[in-house]
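Which strands pair, and in what sense? Please look at the model below before reading on.

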Amino acid sequence: MTSTDLTVVVPVYNEEEAITATVEKLLDLTFEQRVIVVDKKAADATAKPLIIVVDDGSTDGTRDVLTRLEQTHGERIKVLLHPENRGYGAALKTGIRAAATELVAIIDADGTYDPEELSHLVEAMDTADMVVGSREKGEVKIPLIRRPAKWFLKTLAEYLTGRRIPDLNSGLRVFRKRAAVAFLAILPDGFSFTTTITLASLSYGFQVEFVPISYHSREGRSKIRPIRDTLNFILLILKAITYFNPLRVFLPIAFLLLFSGFSLLWISYFCFEQVMDITVIVLSLSGLQIGLIGLVADLIVHGRRLGDSQEGQ
């Protein structure tokens, strides 16, 4: 095993229509590999990835399809089973833990991502901890109803992380297993897994690169619930950034309250010749308290990171 061996994790739930095509394309995939030859020099070679398919409690014919694929390609495919549906993120966690290679890739099984794009992502891993397939190449088949919500979530995440994020929750990416394992305990079991690992990696200072990829119409029925999932994603982004970079959340609120308090003091004194003292005091004190809470939270976060870095040495 070399440092560029690759395992591809495919989470599956009721995808009997698309899973065969996805796996067959992955079986045909090759990627460039750097190996050490006898004279201790690096040389280029090609390799094929290992494939871990995690069936997350499918109730259609997916399990039968996977059984046939594993029987035919058992040396390349490993099928793991959840007895019941636990969620997209839970399936990914199971696959990541089972991977025995340094590099791990994830890809959805519904035909929306082209497995051939993985080779470009692997090439970019020489200088990165994670490479995300950014859905911005060619004609991107994202449903119109989901685009406003995706734009808002991306804008919010970019503000809170202070980084440009071309694609917040792409389901096609490659990362170093050690980087993902560091966050597994806090990563959710649902669809927000990819959003959280992106925010966590950016907030923790990992090198995250974005490579443009194409995105196709899915096979079968989507499991996304637009309104409910959008609200959950907003809460998730706020919680994730509060966990990793709390000042980005607390300081704007504190400044807004303080500004409101001083503005009300100025308006009430100069325009109405009387001070709305109770309201001004409440707004000002609330702003100070929230700002102090943010500072304390930031100290806790930095202390946690220092402890993690010392454990890793």
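Strands β7 (residues 130–135) and β8 run antiparallel, joined by three bridges. Within this pairing, Val132 stands opposite Arg173 of β8. The model is predicted.

Strand β8 also pairs with β6 (residues 103–106), again in the antiparallel sense, over four bridges. Here Leu103 has Arg176 of β8 as its bridge partner.

Which way do the residues of β8 point? Arg173 and Phe175 point one way from the strand, and Val174 and Arg176 point the other way. All four, across residues 173–176, are buried.

| Strand paired with β8 | Residues | Sense | Bridges |
|---|---|---|---|
| β6 | 103–106 | antiparallel | four |
| β7 | 130–135 | antiparallel | three |

Next, the helix. In α1 (residues 19–28), the buried residues are Ile19, Thr22, Val23, Leu26 and Leu27. Seen down the axis of α1, they fall within an arc of 135 degrees, so they line one face of the helix. An α-helix has 3.6 residues a turn, so residues three or four places apart point the same way.

What covers this buried set? The cover includes strands β1 (6–12), β4 (50–56) and β5 (77–82). Helices α2 (62–72) and α4 (118–123) are also among the covering elements.

Finally, confidence. The protein averages a pLDDT of 83, and 82% of the residues score at least 70. Residues 34–43 are another matter: pLDDT stays under 50 there. For this stretch the model has 14 contacts beyond four places in sequence. Where pLDDT is low, the predicted coordinates should not be read in detail.

Key. Residues numbered from 1 in each chain as written. Predicted model: local features only at pLDDT ≥ 70, side-chain atom pairs only at ≥ 80, totals over all residues. Heavy atoms only, no water. pLDDT = per-residue confidence, 0-100. Contact = heavy atoms within 4.5 Å. Buried < 20%, exposed > 50% of the residue type's maximum accessible area, 1.4 Å probe, protein only. Helix = DSSP H or I, 4+ residues; strand = E, 2+ residues; numbered from the N terminus. Pairing = 2+ DSSP bridges. Arc of directions from axis to C-beta.
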